[in-house]
Amino acid sequence: MNSTVALLLCGPAALLATAILAAAASRLAAATRLVYGATLAISAVLLATAASHLAGNPGEASATLPLGLPWTGARFRLDGLSAFFLVVVNLGGTITSLYGLGYGQHESQPHRVLPFYPAFLAGMNLVVLANDAFSFLLSWEFMSLASWALVMAHHRDEASRRAGYIYLVMASFGTMALLLAFGLLAGPAGTYAFDAMRTAHPDRFAAGAVLVLMLLGAGSKAGLVPLHAWLPLAHPAAPSHVSALMSGIMTKVAIYGFIRVVFDLLGEPAWWSGVAVLLIGGVTAVLGILHALMEKDLKRLLAYSTIENIGVIFASLGLALAFKANGMASAAALAFTAALFHVLNHSFFKSLLFFGAGAVLSATGERDMEKLGGLIHRLPVTSFVFLIGCVSISALPPFNGFASEWLVFQAILRSPELPQWGLKVIVPAVGGMLALSAALAAACFVKAFGITFLGRARSAAVERAREVDRWSLAAMVVLAAFCLLAGILPGFVIDSLSTVTLPLVGERMPVQMAQPWLSIVPIAESRSSYNGLLVFVFITISASLAAFFIHRFASHALRRGIAWGCGFPDAVPAAQYSAVSFAQPIRRVFGGFAFRSRETVDMPAPGALEPARVKVEMHDVAWEIFYQPITGAIDFATERLNHLQFLTIRRYLTLVFLYLVILLLVLALWP
Amino acid sequence: MNGLTFDIAHLLAGSLVLISFMMLYQDRLFALINVFALHAVVLALSVAWQAYIQDAHHLYITAAIALVFKAIVIPVGLHRIIQRLGIHRDIETAVGIGPTMLAGIGLVTLSMVLMLRVTPEADPLAREDLAFALSIILLGLLVMVTRRNAVSQVVGFMSLENGLVLAATGAKGMPLVVEISVAFSILIAFIVIGVFLFRIRERFDSVDIGALDDYRGERR
């Protein structure tokens with residue numbers, strides 16, 4: 001057994017032990033500090049181990065424990081891909097634990113959170129390490145159940161219970177799809193070790209079926225449209241630091257599962273598999289961000305925005321599949337690196353934004369943006385780091401979101417070299433969808449930041465808000481720093497990812513750290529290059545100059561206003577721009593097909609005194625097209641089958657008898 | 001194996017099927033029990049004949065059990081129960097006799113077709129025996145399905161069990177035949193007749209299993 005793997009396996013074991021201790025001691029006052037401190041330490045050790053493995057590039061290491069299936073054992077393996085995702089998981093785990101040290105103090109029922117939090121972290125670590133189908137599914141299901149328990153932490157809330165139920169149903173559906181996919185991969189011989197699956201190449205139909213099942217299984221966990229319906233319900237229902245873990249990290253574990261099977265175990269892809277993943281990714285990105293724009297609940301907005309980012313990542317993975325199928329290894333490496341880079345970036349800024357939302361929630365007790373506003377005066381540090389998160393997720397330079405989305409578009413621009421006409425047409429179309437979703441994301445986060453932090457307070461609770469504790473602020477500042485660092489040093493991240501891309505797509509991106517002045521050149525100098533540092537310096541200088549000139553010259557100019565108007569146009573806070581009014585133009589443009597929205601104006605008769613009312617009706621199309629018919633059919637069938645509960649004994653005997661006779665008839669008539 | 005032994009085994013098994021058919025059209029309980037006693041006697045003869053031709057002496061025990069227990073003790077006991085419960089006049093078939101007989105013919109055809117198809121290389125005696133045994137089992141199930149009364153369902157179950165014993169003895173070298181038949185007999189004797197009937201008698205003053213449905217508060 002390799003010592004690195006052994007150390008990495010001790011981590012989840014220690015986390016599980018923490019979970020058990022937390023269950024025993026969760027009612028103690030010091031339990032919150034102890035549990036989050038322990039997970040912080042364990043995650044930091046795991047992070048250091050995985051990062052040093054990724055940086056040192058010593059190849060693969062594996063271990064087999066005498067647990068699980070008797071002829072397979074519990075196999076674990078560490079390679080570039082799992083090391084990278086271990087870094088993502090444990091970086092998130094470390095910072096979330098840091099945040100939890102402060103945020104966890106506000107938890108009203110800590111015994112419902114503390115035991116499951118370390119277990120959730122352990123489950124995610126084990127999924128990434130697993131090297132046979134049994135361990136993988138077991139860890140996956142463990143991760144799902146632990147996160148379900150965390151969603152149900154506030155179970156007295158009706159909405160949380162509903163979210164938990166839908167999440168449980170979707171999670172078991174996803175695991176069923178994964179189970180079938182592994183069954184197909186194992187083949188008739190039933191070899192459940194990943195090493196054996198890697199060498200056995202399934203035929204075309206089986207490979208296609210595995211791809212579809214992985215899109216269903218991993219996609220439902222990651223939040224692909226139309227399997228996303230549970231995500232905006234479940235992620236916000238959990239405590240905010242757990243929301244950050246679920247949205248920022250668990251969706252990445254789902255992406256790991258997809259990459260592990262489709263890029264690693266399945267062998268050579270067919271070109272149309274890229275088309276399927278691309279299209280689903282593009283549609284997911286656009287629909288996710290449109291839903292986010294329509295939201296006025298801050299945490300649900302963030303959850304929908306996760307769906308958009310998952311769409312971007314899947315589109316990029318689809319592109320990598322298409323390039324790989326056509327033997328364009330360097331382009332595949334570019335698209336694949338872009339996807340992984342975005343995985344890392346999204347884990348940074350989505351955690352940061354959920355932490356910010358949690359800070360707003362603990363300071364004001366509100367998630368509804370229509371009741372917030374003006375928080376920049378009350379929570380100056382939180383609003384600053386939240387702004388950095390918003391800028392990063394809107395893919396504005398010099399932050400990290402721009403770097404990874406720019407790489408995605410660089411990969412899309414290589415699509416004319418693809419031989420299939422279908423791909424030549426579809427890839428630019430998906431590129432257009434991604435560009436649209438990037439623009440909408442910017443609008444969405446202008447809204448999220450502007451309505452929440454700018455303007456004037458819309459409720460009394462906001463006016464009394466106080467800045468949150470130091471642990472939470474430290475966690476958010478660290479993440480904001482990561483966002484900036486990954487944005488101005490993208491070459492470092494890209495070079496670290498080379499050990500991941502090389503075995504999976506057969507090529508790596510050119511070495512970026514060798515470029516002068518921290519530029520990145522994904523293809524060739526003549527085509528495109530980006531220098532985050534230069535942009536950062538330019539923006540800093542120009543913004544400082546602009547601020548200087550405004551303060552130096554503009555502030556002294558004479559301005560006139562209404563007497564006693566205090567410079568505001570209207571004294572009522574409700575007259576400000578609201579979240580809904582900000583989104584209204586976009587709803588007018590896209591609402592017709594995306595939400596089947598309808599606006600009706602209820603105008604009173606002339607002379608009547610009641611106010612006119614504008615009603616907006618919106619539908620979740622995916623819910624109505626996919627979920628309601630299925631639940632309806634299940635209800636119908638169970639209602640009919642319910643009668644079987646109440647038959648007479650003779651009728652039961654008759655049923656058994658008829659079944660026997662039918663079986664015998666089949667046997668008799670079988671050719 | 002000479003022709004005569006085969007013919008006699010065939011005759012006995014065939015008569016069991018015939019008697020199963022006779023059970024199908026009995027609509028009085030006493031008549032049904034009498035026919036069942038006849039069924040058990042023929043079974044005992046058939047098992048004894050198998051014991052003789054296979055030279056398997058332990059099968060004589062099975063034959064003796066069938067004769068004493070199923071042909072004498074249980075029918076006498078059932079007669080008494082019926083008299084005590086006063087249900088000897090009940091006419092209790094749920095399905096008409098015509099359709100039941102047609103269904104029975106269909107079942108026998110099915111089992112013949114099936115058995116002769118799936119066992120082409122088996123010993124012809126065992127093959128015929130199995131086909132007849134399957135017919136008896138299916139006819140016993142048919143009796144259970146088409147009757148409302150608990151007593152006649154027990155009779156149907158016992159004729160089904162006779163089919164099982166016939167199948168077990170027909171194949172040469174079947175292990176634990178005696179033990180299985182003993183176990184079955186004990187099951188019927190104690191659980192089914194004793195507990196089942198007296199429970200119904202105490203609680204509902206009837207042996208019509210429709211009363212159970214009323215007790216469960218359900219509609220028919």
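Two residues are in contact if their C-beta atoms, placed from the backbone, lie within 7 Å. Keep that in mind while we look at how chain B meets chain A: 14 residues of chain B and eleven residues of chain A take part in the contact. This is a predicted model, where local features need pLDDT of at least 70, side-chain atom pairs count only at pLDDT 80 or more, and totals for chains, interfaces and linings use all residues. Residues are numbered from 1 along each chain as its sequence is written, while chains are lettered from A and ligands numbered from 1 in the order in which they are written.

**Where chain B touches chain A**
- On chain B's side, α4 (97-118), α5 (124-146) and α8 (210-215) each bring at least two residues.
- The top contributor there is α4(B), with four residues.
- That side of chain B has nine nonpolar residues, five charged and no polar (nonpolar means Ala, Val, Leu, Ile, Met, Phe, Trp, Tyr, Cys and Pro; charged means Asp, Glu, Lys and Arg; the others, Gly among them, are polar).

**Chain B by itself**
- Chain B has eight helices and zero strands (DSSP runs numbered from the N terminus: helices are H or I, at least four residues; strands are E, at least two).
- Of the 220 residues in chain B, 42% are buried (20 or more other C-beta atoms lie within 10 Å of the residue's own, with C-beta atoms placed from the backbone).
- Take the chain B contacts with a separation of 6 or more: 70% of them join residues 24 or more positions apart.

**Two strands in chain A**
- β3(A) pairs with strand β4 (residues 613-617) of chain A in the antiparallel sense, over five bridges (pairing takes at least two bridges found by DSSP).
- A:Glu599 has A:Val616 in β4(A) as its bridge partner.

Notes: Buried ≥ 20, exposed ≤ 12 C-beta atoms within 10 Å, placed from the backbone.
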